[in-house]
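Okay everyone, thanks for coming. Have the model up on your screens, and let's walk through it together.

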Amino acid sequence: MNTQYWLMKSEPEECSIDDALAAPGATVPWTGVRNYQARNFMRDAMRVGDGVLFYHSSCAEPGIVGLARVASEIKPDPTQFDRASPYFDPKSKPESPRWLLRDVQALKKTRLIGLPELRATPELADMVVLQRGSRLSITPVSEAHWRFITERLLGA
């Protein structure tokens, strides 16, 4: 299978790129996804080794802040069963979990490519994250967009 690419949003107060890089193996479980379409991307389309644009959201300067990769197969998100978690879901059962996760391994922190810069770059105009009304925490990224961002904007 060909490598696919994703933009995955995380609120830096919950898990920043620095937190991910400091984690054992620079790997964190991507918990808290509570949208069926984003969950389905993880379940049905993501594969170990896929590229990830690590994106900080719900912060003063949202944007791409790092590069990562999908590091695990799909597994149940334990926060759905934790009554103390803001992601607790009383309708989800251990024998048939509703919410899933994948581990993500941070590879490197990058300069911030903020939302204004993304919007001002004509080559990225049709990125899913830039589409009106797009609020998903996980969105696919085309190979052309991945290459433009990593090679032209980041020089990676």
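So, the largest pocket first: its volume is about 750 Å³. Before I go on, this is a predicted model, where local features need pLDDT of at least 70, side-chain atom pairs count only at pLDDT 80 or more, and totals for chains, interfaces and linings use all residues. Residues are numbered from 1 along each chain as its sequence is written, and side-chain values use heavy atoms, with hydrogens and water left out.

What's a pocket here? On a 1 Å grid over the protein atoms alone, it's an open set of points where a 1.4 Å probe fits, with protein on both sides within 12 Å along at least five of seven lines; lining residues have an atom within 4 Å of a point. The volume is the space filled by probe spheres set on the points, which are joined across faces, edges and corners.

Which residues lie nearest the centre of this pocket? They're K9, S10, E11, S57 and S137, out of 28 in the lining. That lining divides into 11 nonpolar, 10 polar and seven charged residues. Here Ala, Val, Leu, Ile, Met, Phe, Trp, Tyr, Cys and Pro count as nonpolar, Asp, Glu, Lys and Arg as charged, and the others, Gly among them, as polar.

Now the largest nonpolar core. A core is a set of buried Ala, Val, Leu, Ile, Met, Phe, Trp, Tyr and Cys residues joined through side-chain atoms within 4.5 Å, and buried means under 20% relative accessible area, exposed over 50%, partly exposed in between (1.4 Å probe, protein chains only). This core has 22 residues, and M8, W30, M46, F54 and I138 touch the most other members. Look at F54: leaving aside neighbours within four places in sequence, its contacts (heavy atoms within 4.5 Å) include M8, C15, W30 and V65. Apart from that core lies another, of 18 residues, L53 and Y55 among them.

And the cysteines? The structure holds zero disulfides, a disulfide being a pair of cysteine sulfur atoms within 2.5 Å. C15 counts as buried, at 15% relative accessibility, whereas C59 is partly exposed at 24%.

Last stop, F81. F81 is partly exposed, with a relative accessible area of 31%. Not counting residues up to four places away in sequence, F81 touches F88, S92, K93, P94 and P97. The C-alpha atoms of F81 and L107 are separated by 30 Å.
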